[in-house]
Amino acid sequence: MEYSNKDFPVLKNTRLLDAAYGKEVDKVPVWVMRQAGRYLPEFQAVRAKHDFFTVCRTPELACEVTLQPLRRYDHLDASIIFSDILVIPQALGMTVEMHPGQGPVFPSPLASPSEIDELQEDGAVSRLAYVGKAITLTRHKIDGKVPLIGFTGAPFTLMGYMIEGGGSKTMSKTKEWLEKYPKDVHRLLALLTRVIIDYLVMQVESGAQLLQVFESSADHLTREQFADVSAPYLKDIREGVQKKLQDKNLDQVPMTVFAKGGGHSLDVQAKMGYETIGLDWTVDPIEARKIVGEDITLQGNLDPQDLYKTPEEIKSLTRDMVQKFGKRRYIANLGHGITPQTPLESMTAFTEGVHEAI
């Protein structure tokens, strides 16, 4: 059955959107990056039958795993569509495979700047229509219980994967490109930015109620590099999405930027126009608030490793965290994605702890 992106069920829990816009909330909203993922036995059961990218590309499966954490945890205030940041390089014509124990692998990464011209920008977003279908289906199935978040990888992060051929601890090839081919780097970042803007607008058209941009590789950039190869494109994305939604007479949605390891540039991030800035666990909430001011929502930032502690310790750490951030303009989350071996009761302790904290 085809679901329409019209007549969605009424949203019953608006905490996430209210917090993003600085409205008053009865409780601090909480969700977790990668909450639909490998720590859940029901997710592992789906993955035992289907390849990772098959789940991403099959709206019914993507919807199912998006809903799994909501069925298990009563205190979640948002869902995030199950997908992957690397669907964009795939839509541009690159092959990406998910290898067990290794993560994503590009058999043929970008070897030289001349290969940028081979990327298939035209039609890229139409090749991602399955993400839109998954969002629309999920909006109906979620029945207004919580809002649905759409997301993308940021241009620099995507470029890093495309050059390195997968995850990298050093990003040495990408750093070489930054030195050797600065013009080509900006050409590639601009191409990715154009695709990302249209991709995010398509997600909103399909039913996404908040958008998050993941700059997961900001920890490889100095403050100067962040200002050169990350910040301008993140700002372009925010402004580009806003403009295109306006042109299409669509409602605006709040947007979050999460630059992992980008704590050195919070002042820069505060000027990009995003409603929310995500913080990793290395950033002090009180310092972050001083830097970004009172008119931006902060999201974060418990260390995912803390979820291996006892439920009592997790609740205590969570209470401390929430008190540091305060109730206004705050969305509780981890400082990065939940890890695969996290005990199930730890998520209960964390999400309950947030709602009990203030």
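Buried means under 20% relative accessible area, exposed over 50%, and partly exposed in between, with a 1.4 Å probe and protein chains only. Helices (H or I, at least four residues) and strands (E, at least two) are DSSP runs, numbered from the N terminus. The model is predicted: local features need pLDDT of at least 70 and side-chain atom pairs count only at pLDDT 80 or more, while totals for chains, interfaces and linings use all residues. Residues are numbered from 1 along each chain as its sequence is written, and side-chain values use heavy atoms, with hydrogens and water left out.

**View 1**
Of the 14 residues of H4, 10 are buried, so the helix is largely enclosed by the rest of the structure. Among the buried residues are Pro59, Leu61, Cys63 and Leu70. Their cover includes helix H2 (41–49), helix H3 (52–57), strand E1 (79–80), helix H6 (129–141) and strand E4 (148–153).

**View 1. The open sheet.**
Seven strands form an open sheet in the order E1-E4-E5-E6-E7-E8-E9, with parallel pairing. Strands E1 and E9 (330–334) are at the edges, each with a single partner strand, so one side of each has no neighbour in the sheet. Two strands pair if DSSP finds at least two bridges between them; E4 and strand E5 (residues 210–215) are joined in the parallel sense over 5 bridges. Leu210 in E5 is the bridge partner of Ile149. Helix H9 (residues 182–206) packs on the sheet, touching E4, E5 and E6, and its direction makes about 170 degrees with that of E4. Contact means heavy atoms within 4.5 Å. Axes are lines fitted to C-alpha atoms, for helices over the stretch in contact, and angles run from 0 to 180 degrees between N-to-C directions.

**View 2. Thr256 in strand E6.**
Thr256 belongs to strand E6 (residues 255–259). Its relative accessibility is 0%, so Thr256 counts as buried. Leaving aside neighbours within four places in sequence, the residues in contact with Thr256 are Leu210, Leu211, Gln212, Val213, Tyr274, Thr276, Gly278 and Gln299.

**View 3. Helices H13 and H14.**
Helix H13 (residues 311–325) packs against helix H14 (residues 344–357) at an angle of about 35 degrees, with the axes 8 Å apart. The contact includes Ile314, Thr318 and Val322 of H13, and Ala349, Phe350 and Gly353 of H14. By class, the contact has 8 nonpolar, 4 polar and 5 charged residues. Here Ala, Val, Leu, Ile, Met, Phe, Trp, Tyr, Cys and Pro count as nonpolar, Asp, Glu, Lys and Arg as charged, and the others, Gly among them, as polar.

**View 4. Backbone details.**
The peptide bond from Gly300 to Asn301 is cis, with omega near -15 degrees; Asn301 lies in strand E8 (residues 297–302). Arg34, which is not a glycine, has a positive phi of about 65 degrees. Arg34 sits in the loop between helix H1 (15–20) and H2, and is partly exposed at a relative accessible area of 48%. Asn249 also has a positive phi, near 60 degrees, and is found in the loop between helix H10 (223–247) and E6. With 71% relative accessibility, Asn249 counts as exposed.
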